[in-house]
Amino acid sequence: MLSRLHRLLDKTGLNRYTIDTPDSQRQQSANKSDLGVRPKARRRTHAPASATEMAPRRQGQAPALSAAGASPGASPLSVLSPSPARSETALVTMPLDSASAADTPLPHPLIDAMQQGQAGLPSLIEQQFGHVGQTLFAKSALRQSLQSLAPAMSPAAPVGLPGMPAVLLTQTLALATGADASRATAALAALRQMDPVADIGAAWRRAAQGEAAPHTPPEEADAWRVAMELGATPSGMRLLQTLVSRPVMPAQEKDFALLLKTLSTLSAREPALQATPSAMLAAQTPPTTLLAEALTCASARLAGEVQAAEPHAWALNSVRNDMFETGPGSTFAAANARLMKLGRWIDVTAGEGRFALRNPMTGKSAFRALRYGAQQVDRGPAVSKHRKAFDASLRRAATQLRDQLVQQAPFARAGGPAQVPTSLLRAAVLDHCVAAPASAMLDGKSFDATALDDIAHRLALQIAAGDEGMAAELAPRLRQQPELEALSREPMSMERLDEWLADAVADHAAVPTAAAASSASWAEGITAELQAALREVQGHDTRLPQVTREGLRGLLKHIVNNIEGSSRLRLSSGGILAVGLKQLSAAVSGLLTGFVLRGKIDARKQWGRHAVFEIAMPPYDMEIMVATQRQDAKQFGVGAFAGADLGVAKAGGNADFLLYGSESSSLKGVTLRLPRIGRPVSELRTEFSNLVDRLLDGTAGTQAEGGEPLLKHLLQEFPELTVNRVGHAGDERKRHGATVEGQASASFMGVRASASAGVAAEFQHGVIRHYEDETGHMRIERRIEAWNARGGVGARLTAGGTVDAGRVNLTSGNTDNMLIGASADLIVAGSSERREVVYQDGQLHPISFKETEYLNLGSFLDRMNGQREDWVQARLASAGTARTNEGEHLKLQEFLDEVSQQATPTHTYAVRSTIRPEAAARVDAFRSAAQLAQRQIAQDNAAGPAIHPTAPATVDAMVDAAEAEWAKPESLQPYSLRSYERLTTQGTTGLNLVAQFATQHLAEASHIDNRLDAA
């Protein structure tokens, strides 16, 4: 039945639908023929030229590309298809670009000093050192020292902030010396004499030989404190390299930064020790803790003792990911425990039947959702990847079939007198098809008069055994063959090739045994090519009805080897618990003979807890997330039924209104990432495939008594591995809706059967999706604000009885005993504003972006109508290309035409812009100043009297300045236009009678179906 439904939906253009049964609800996206792969698979009504063709912007018209990429007045929205109820944790977050951030930030002394350069030094020093009693001479000496350093520090200054190095250095000196100007001047002088690598090497050798650490002068200890504080900020390491006497070599810079991070953490835990490499190494040798091993590893590497460092590499990688101890309750232990859940998820599903009874709230496993497959997350752009592969497979199949038909021709029979054998005619047709240029797809190829002439000529050549003269005489007569004329009525297609193959196999069975033996397996190769072509259209069947460790390994590796950029798959499975009244209704009848009026109340409260597994390849990494999701939902509505009551039958109209619905969720878990930036994707796939193997093997069974944690092995074996503890993450939305339907029912011997059909609409607003990493050397902050509206049609059949108490009926959930119901979206509208920020070792990476996504094609085309010239100019500015203005206008139009032809309700359309490198450097400068001010606040809280009273205002001002930088149009640059395909399948099974206790599985994925890059 579902296959028939698929065909119906394909013909009507309905792509997203819901199926209800007595014990389950299933939301799914229809498995349609991919129009991007087979553009001529079925006829479509194309958008008029005026809908996609856009005139260049008029002269003098301002560029429309805004910071968020949204048109004026656009509302923010959800880009995902129907999803389960979200959890209760409220998200306390700021808008993407609040009004205060978009405006010019209020003046602040440190921001002024950043913009003014040396002219701002006097006020800067007074602001940082003016709250502690000290001589005017001390502050004057510090000012002179800073002024003399200005030329040396200038390479560290971002564009537009020449005074940033002086601001950060002054903040750091005040923090490291307790705002003592005399100490600060001495520390700065010691810092200028520092050779970090030589000092660390000497300290390492003394500690290795068991020598005691020599006494370090106070100014040198202060200098190391300055280095630690600066190195912990996004912009500080580059500034520090301009200050020391001998900068650290680029190859050692990462180890030096991690050594400073380790020293800073150790000094906070052991304040009695001097915060210098000599003192810390002497106290931590031999290493017995994670931090001690990390210090040993970093020091040994900087000293050139690579072999001595290797056993402790895991510890340094752990510090890099903000995990500083391994004991119970630590971040390290929590992350390791979360990873071990993968093994339990596999174990609890092994051998489990699909309809096995179990408690939905226990034994959760996200992998149960794999019964719905990977939702085509393994697919890439249809036009650039699958269309080419599809045509190549068809051409290979056609070539092999042509050769076989020629071989079978001597044994073939004609359809009648003076007629050509069918196999020979088909061989000529296939010869014509494969000879066509690669730009002409074989699937959908039509045969005009010129094509038929060519086929007749090829057929004549076959009959004449290659004699051109004889072929020239035969061709005109062959052109008149009815079979040849019939070709013009139907284009070539994959299905037609399959039919011709079946006929060839049948004819082959009649070939004498001796001839058949020479080519016994010829059909297998053609069949394999046709199956490969079909996979390019429909995708691989990735469903796993039974989850096993090896089956899961094979599927994950298939995804890793095929997933493309910006693709993401989420699997979730768990239990939901709900209470409520689907319908509390009171009937008023008898006012008129045969008339009934019934009012209804709908109230519901739902909780959920799900296991979540996610695999994705965004632009910056490949990642796996293992998490737990808590959900909460509530809704309230009213309704009414009015119609005729004839005793055994009722008929009328029903209206339901969802007055208020609220859904929210929160995530807690761990994410593993391997970097994608700056390396071949093939290398990333290989390493991530090895990581999948290590995870599945390392979580088999339970850890041996006294064995090393799995996470320790991963950190040792994968040096670039990021381990993120998921911080503030989740989503929320508000819903309102209405349903109007016609309904008819009949009763007989206490059993009632009903049928209904109607229309429904839903509006969602306040949609927020937020993700933020709490730890890890690569951290992601993602925020989506959205709205959406949907309208659709539906029908359902029900049977059974209700609890009837005269004029009051009490029913809930599926107590109407749903037999089957289906609904489909007809109208979809909405948009979303997304900002995704990538921090790598604390620094804002220029791959960070803003994206506006539209749920319908019209809104996207309207947006592009005002930005055509912006994108053309961005492509023309790409280095190393020989592009022309006219060519780029045509390229853009070709892309817009393609997405218009491929448009379905499962597609969304997005405009992405990335932050410019110089803007990212300014954001890092503001973030660095804010972080130093936060540490000054912490110092004041710990020390008692406030010596940094302006620090709180500094934090606020720097946060506002960073947000304002994101809001400036000139801070962003065009990156890509894209069409996403988003597919979802959700199933709910269980008891739903006043109280609902059920299992819910969800598989949702997205991938880019088409794109045009600005570069």
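**Rings, cores and a helix pair**

In this predicted model, one aromatic cluster is formed by Trp345, Phe367 and Phe613.

Colleague: Happy to start there. What geometry do the rings of Trp345 and Phe367 have?

Modeller: Their centres are 5.7 Å apart and their planes stand at 80 degrees. Planes over 60 degrees apart count as edge-to-face, so the pair of Trp345 and Phe367 is edge-to-face.

Colleague: And where in the chain do Trp345 and Phe367 sit, and how many residues apart are they?

Modeller: Trp345 belongs to helix H17, while Phe367 is in the loop between H17 and helix H18 (382-408). The pair thus links distant parts of the chain, and the separation is 22 residues.

Colleague: Is Phe367 buried or exposed?

Modeller: Buried means under 20% relative accessible area. Phe367 has 1% relative accessibility, and Trp345 has 5% and counts as buried. By that cut-off, Phe367 is buried.

Colleague: Good to know! Which helices does the pair of Trp314 and Phe332 tie together?

Modeller: Trp314 and Phe332 are an edge-to-face pair, 6.1 Å centre to centre with 70 degrees between the planes. The two residues are 18 apart in sequence, so the pair ties together separate parts, helix H16 (residues 313-320) and helix H17 (residues 331-349).

Colleague: Now the cores. Which residues have the most contacts inside the largest nonpolar core?

Modeller: That core has 140 residues, and its largest share, nine residues, comes from helix H7 (residues 164-177). A second, separate core has 46 residues, including Trp522. Inside the largest one, the residues with the most contacts are Leu169, Leu173, Phe367 and Phe613.

Colleague: Which residues does Leu173 touch, leaving out those up to four places away in sequence?

Modeller: Leu173 is one of the residues with the most contacts inside the largest core. With residues up to four places away not counted, Leu173 touches Phe129, Leu142, Leu146, Ala184, Ala187, Leu188 and Val226.

Colleague: Last one, I promise. How do H6 and H11 lie to each other, roughly parallel or roughly perpendicular?

Modeller: Helix H6 (residues 136-153) packs on helix H11 (residues 236-243) with the axes 9 Å apart and an angle of about 110 degrees. Where they meet, Leu149, Ala152 and Met153 of H6 face Leu239, Thr242 and Leu243 of H11, a contact of five nonpolar, one polar and no charged residues. Angles of 65 to 115 degrees count as roughly perpendicular, so H6 and H11 are roughly perpendicular.

Definitions and conventions:
Residues are numbered from 1 along each chain as its sequence is written. This is a predicted model: local features need pLDDT of at least 70, side-chain atom pairs count only at pLDDT 80 or more; totals for chains, interfaces and linings use all residues. Side-chain values use heavy atoms; hydrogens and water are left out. Axes are lines fitted to C-alpha atoms, for helices over the stretch in contact, and angles run from 0 to 180 degrees between N-to-C directions. Helices (H or I, at least four residues) and strands (E, at least two) are DSSP runs, numbered from the N terminus. Angles under 35 degrees count as roughly parallel, over 145 as roughly antiparallel, 65 to 115 as roughly perpendicular and the rest as oblique. Contact means heavy atoms within 4.5 Å. Ala, Val, Leu, Ile, Met, Phe, Trp, Tyr, Cys and Pro count as nonpolar, Asp, Glu, Lys and Arg as charged, and the others, Gly among them, as polar. A nonpolar core is a set of buried Ala, Val, Leu, Ile, Met, Phe, Trp, Tyr and Cys residues joined through side-chain atoms within 4.5 Å. Buried means under 20% relative accessible area, exposed over 50%, partly exposed in between (1.4 Å probe, protein chains only). Rings of Phe, Tyr and Trp (its six-membered ring) pair if their centres lie within 6.5 Å; planes under 30 degrees apart count as stacked, over 60 as edge-to-face and the rest as tilted.
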